[in-house]
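Please open the model in a viewer and keep the sequence panel at hand.

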Amino acid sequence: MWLRSVCKSVLLGVPIGITFLDTIGYVARVEGISMQPVLNPDSKNTDYVFLSRWSVRDYDVRRGDVISLVSPKDPNQKIIKRIVGLQGDVVSTLGYKTQYVRVPEGHCWVEGDHTGHTLDSNTFGPVSLGLVNARAAYIVWPPSRWQRLEAKLPEHRKPFLEKQ
Amino acid sequence: MAFMRFVGKTCGFLGYALQTACVTHCAFEYVGDFVMCSGPSMEPTLQTNNVLFTEHISPRVQRLRRGDIVISRSPSNPKQNICKRITGLPGDRVRDSRLYGPVPEGLIRSRVVCRVWPLDKITLLSEY
């Protein structure tokens, strides 16, 4: 009898849990140094961030947001970057094949904060907004690092020409 | 007393609705769903207003093959889905995907299995 009720609550609980993770958000570990100094400032301790799925439900992203996206190279890999340019913006690139790029419709230009140690749009070009997975909203672990992740761009990385 | 019973019933109903919504979400997101296609781009295989059953498992485990018809998010508008046939996989040389160029695999949502509407045109649209 108890087995039946356990099975029943698991069967009903799992879909509710999955739906919660899919629509509200989840916590993920940040790997690598591409977002230093904001994330993983010293390589010994890795940060955990809360990824908000809710805030990208309409693909509304702003310049400066830290987002996680499916890698355009490998669909199994998720990467975490900062949005530098939105559709229509002209960005000045760092080592891309052309010096200036106009971001195409439905795309964005993403870069890691740690220039030179990051694989980003300067390598693979503008990425489609459909690949955006979530917005990194907070660092939640370790507790000493608890903070909100602000949308900010250094002055020299602002798009050369902003549309809208 | 009647009020308490009303609250209890409402909570029970809301819980039931939540469960149903969550199970539906999981089924549509991880197993399969129905898609209505419009536009002439896949004629003569598919016509406007055909309803297709698509499965979400192959793209997740990356078992996509050349010739599969897939539903993908449009590269230029993430809120729109497109229905196309895969003509090339990583490493292939192709001249297709005319408007978009290569589409990242991460945009592909599901693989078309069969047509379920109109009823007289029910057919399997996948090769295995």
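How many residues does the contact take from chain A, and how many from chain B? It takes 17 residues from chain A and 19 residues from chain B, two residues being in contact if their C-beta atoms, placed from the backbone, lie within 7 Å. This is a predicted model, in which local features need pLDDT of at least 70 and side-chain atom pairs count only at pLDDT 80 or more, while totals for chains, interfaces and linings use all residues. Residues are numbered from 1 along each chain as its sequence is written, and chains are lettered from A and ligands numbered from 1 in the order in which they are written.

**The interface**

Select helix 1 (residues 2-23) of chain A, which supplies 6 residues, the largest share of the side of chain A that touches chain B. Helices (H or I, at least four residues) and strands (E, at least two) are DSSP runs, numbered from the N terminus. That side of chain A comprises 11 nonpolar, 4 polar and 2 charged residues; Ala, Val, Leu, Ile, Met, Phe, Trp, Tyr, Cys and Pro count as nonpolar, Asp, Glu, Lys and Arg as charged, and the others, Gly among them, as polar.

**Chain B as a whole**

Chain B contains 2 helices and 6 strands, in the order α-β-β-α-β-β-β-β from the N terminus. Its C-alpha trace spans about 75 × 35 × 30 Å along the principal axes. The radius of gyration of chain B is 19 Å, whereas a compact globule of 128 residues would have one near 14 Å; the radius is taken over C-alpha atoms, and the globule rule is 2.2 Å times the number of residues to the power 0.38. Of the 128 residues of chain B, 21% count as buried. A residue is buried if 20 or more other C-beta atoms lie within 10 Å of its own, exposed if 12 or fewer, and partly exposed in between.

**Strand 5 of chain B and its partners**

Select strand 5 (108-117) of chain B. Strand 2 (residues 51-55) of chain B runs antiparallel to strand 5 and is joined to it by 5 bridges; two strands pair if DSSP finds at least two bridges between them. Within this pairing, Thr54(B) has Val112(B) as its bridge partner. Strand 3 (residues 69-74) of chain B is also antiparallel to strand 5, with 3 bridges, and here Ile71(B) stands opposite Ser110(B). Then move to strand 6 (residues 123-124) of chain B, joined to strand 5 by 2 bridges in antiparallel fashion. A hairpin through 5 residues connects strand 5 to strand 6, and Arg115(B) faces Thr123(B) across the pair.

**Loops and backbone exceptions**

Go to Leu89(B), in the loop between strand 4 (77-85) and strand 5 of chain B. Leu89(B) counts as partly exposed because it has 14 C-beta neighbours inside 10 Å.

Most residues other than glycine have a negative phi, and most peptide bonds are trans. Gln62(B), in the loop between helix 2 (57-61) and strand 3 of chain B, has a positive phi of about 55 degrees; with 12 C-beta neighbours inside 10 Å, Gln62(B) is exposed. In chain A, phi of Tyr59(A) is near 60 degrees.

Finally, select two cis peptide bonds: that from Gln36(A) to Pro37(A), with omega near 5 degrees, and that joining Trp141(A) and Pro142(A), with omega about -5 degrees.
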